[in-house]
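Here is a friendly walk through one protein model in questions and answers. Keep the view open as you read.

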Amino acid sequence: MSGRLSSTERNEALGALPAWTLDEDREAIRRKFQFADFNAAFAFMARVALQAEKMDHHPEWSNVYNKVEILLSTHDAGGLTQKDIALAHFIDAVAG
């Protein structure tokens, strides 16, 4: 299990992830994406899903046509961990 980030660590990590917002109620980070169409959104989700499976760290997400919303938190740690930050960086890279 990964250790939960301190508020200082969390703030530093979010400084490097400017498109992500903190959901304090959930002790999580979230980001919304919009793609050209459903195929592009689904391709993005497939790439993220493959990486998430490799990491054994799975996002909460929703998809409506060309929109994807992702929430990251480590449930067994009760909040944000380095796993979430690493996956967020991967997601940003995939999204372009």
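Q: Does I85 count as buried or exposed?
A: This is a predicted model, in which local features need pLDDT of at least 70, side-chain atom pairs count only at pLDDT 80 or more, and totals for chains, interfaces and linings use all residues. Residues are numbered from 1 along each chain as its sequence is written, and side-chain values use heavy atoms, with hydrogens and water left out. Buried means under 20% relative accessible area, exposed over 50%, and partly exposed in between (1.4 Å probe, protein chains only). Because I85 has a relative accessibility of 4%, I85 counts as buried.

Q: Which residues does I85 touch, not counting residues up to four places away in sequence?
A: I85 is found in helix α3; helices here are DSSP runs of H or I with at least four residues, and strands are runs of E with at least two, numbered from the N terminus. Contact means heavy atoms within 4.5 Å. With those near neighbours in sequence left out, I85 touches L5, A13, L17, I29 and L80.

Q: Which elements are included in what covers the buried residues of α3?
A: Helix α3 covers residues 82-95 and reaches 20 Å from its first C-alpha to its last, close to the 20 Å expected, where the expected span is 1.5 Å times one less than the number of residues. Its buried residues are D84, I85, L87, A88, I91, D92 and V94. Their cover includes α1 (7-15), β2 (28-34), α2 (38-55) and β4 (67-72).

Q: How many residues apart are D92 and R31?
A: D92 and R31 form a salt bridge, with the closest N and O atoms 2.5 Å apart; the term means a side-chain nitrogen of Lys or Arg within 4 Å of a carboxyl oxygen of Asp or Glu. The pair joins distant parts of the chain, helix α3 and strand β2, and the separation is 61 residues.

Q: What is the N to O distance in the salt bridge of R30 and E69?
A: R30 also forms a salt bridge with D23, at 2.7 Å between the closest N and O atoms. D23 counts as buried because its relative accessibility is 14%, whereas R30 counts as partly exposed at 24%. For the R30 and E69 side chains, the N to O distance is 2.6 Å.

Q: Which residues make the nonpolar surface patch of about 440 Å²?
A: Patches are made of residues with over 30% relative accessible area and no salt bridge, with like charges joined within 9 Å and nonpolar side chains (Val, Leu, Ile, Met, Phe, Trp, Tyr) within 5 Å. Areas come from the Shrake-Rupley method with a 1.4 Å probe, and for residues only the protein chains shown count as cover. The patch is made by F38, F42, V64 and Y65.
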